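Please open the model in your viewer and keep the selection panel at hand.

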Amino acid sequence: MILVTGGAGYIGSNLALRLLELGHNIVIFDNLSTGHIEIINKLKNLDLKGKIVDFIKGDLKNLQEIESALSKYKFEAIFHFAAFSIVSESAKNPSIYWENNFLGTKNLLDAMKKFNINKIVFSSTAATYGEPNYVPIDENHPQRPINAYGNTKLALEFLMDDYSKAYGIRSARLRYFNVIGADKFQRTGEWHETETHLVPNILKSLNTKGKTFNIFGNTYNTKDGTCVRDYIVMDDLINAHIKALEYLNNGGKTDFFNLGTKEGNSVLEVIQTAEEVTGQKISYEIKEKREGDPAILIADNKKAKEILNWQPEKTLKEGIESAYNWEKANFYK
Ligand code: UFG
């Protein structure tokens with residue numbers, strides 16, 4: 001049995017789906033603050049090899065709630081996605097980020113210690129690196145976050161090191177770059193009440209008459225002046241999580257891995273690819289730079305390739321295609 005925290009959210013639900021396809025029985029623990037019960041219900045009704053044995057509406061900030069969940073089943077490992085992840089929101093309201101992300105995860109690890117669960121795959125982020133000194137960014141690049149979101153995730157990386165040394169809880173910390181795309185059969189995908197991310201915002205602008213898409217800044221020191229990011233497609237990201245579990249199952253030590261493609265694309269290139277995919281013209285306006293946006297983030301992914309035996313396979317176009325199909329199926333009027 002595997003526990004997925006945040007399994008009602010964007011990445012957690014995609015991982016849950018894959019575990020079910022692979023025949024794992026899982027329990028989902030989620031407070032539904034940003035996740036959606038509809039997604040859990042959809043996954044429950046699919047005829048897959050594994051089953052969602054239980055959905056527990058619980059909050060990691062409450063130690064009793066996670067202890068009670070861990071006491072009910074014998075878990076072999078935990079995938080931990082439950083967190084707040086909007087950089088701008090974290091800058092305005094760090095208190096809720098520290099409480100939700102840091103305290104919540106500390107409670108989870110304390111509960112793991114109590115119930116002798118010793119493997120965790122954790123969603124870390126490229127935001128722990130801050131403004132890069134060089135690209136592609138490898139795992140030895142200094143970690144100096146420039147926002148509260150990155151700070152909470154970096155603090156948790158330290159916490160996990162300490163819990164690994166003292167209590168033997170081994171962790172694979174996966175530092176995501178920019179995740180895009182949805183399940184190929186549109187069983188789950190990106191669904192945020194307030195959408196801040198590039199690809200869904202581009203696609204949503206096509207569905208809202210007269211709406212223009214905003215580009216935040218075109219005077220960065222990049223190939224065309226717009227920010228460059230490393231867009232990793234959901235399927236590839238999920239493959240890496242499965243490999244990370246295998247790694248821990250095979251006795252792998254506590255470690256951290258970048259998850260990205262080593263390719264950078266500018267905002268304008270993403271728009272152009274979205275135009276190819278949708279066959280529609282995307283109109284945009286250039287706005288002020290968004291606070292806290294580094295000019296370029298690109299991952300060096302050698303470590304994940306070598307140690308996890310993982311390889312990203314999907315292209316930016318394929319990622320946008322799957323996101324487009326998901327948007328059309330769920331949000332287009
Ligand atoms: N952008 C726009 N217009 C929009 C949305 C985004 O121009 O409407 C631009 C941003 O300025 C940025 C790029 O598109 O240059 C990507 O922005 P996203 O909001 O999609 O992603 P971020 O790079 O800001 O952040 C994402 C995750 C973070 C994570 C980070 C790590 O949301 O949680 O990747 O790289 F920390």
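Select Thr226 and Asp224 together: their side chains are joined by a polar contact of 2.7 Å, a term that stands for a pair of N or O atoms within 3.5 Å where, within protein, one must be able to donate a hydrogen and the other to accept it, and where residues adjacent in sequence count only if both atoms are side-chain atoms. This is a predicted model, in which local features need pLDDT of at least 70 and side-chain atom pairs count only at pLDDT 80 or more, while totals for chains, interfaces and linings use all residues. Residues are numbered from 1 along each chain as its sequence is written, and side-chain values use heavy atoms, with hydrogens and water left out.

Thr226 is buried, at a relative accessible area of 1% (buried means under 20%, with a 1.4 Å probe and protein chains only).

Next, select the ligand and the 21 residues around it, of which Thr125, His197, Asn214, Arg290 and Asp293 come nearest (a residue is near if one of its heavy atoms lies within 4 Å). Display the ligand's oxygen atoms: one is 2.6 Å from a polar side-chain atom of Asp293, and a side-chain N or O atom of His197 lies 2.7 Å from a ligand oxygen. For Leu198, pick the backbone instead, where an N or O atom is 2.8 Å from an oxygen atom of the ligand.

Definitions and conventions. Buried < 20%, exposed > 50% of the residue type's maximum accessible area, 1.4 Å probe, protein only.
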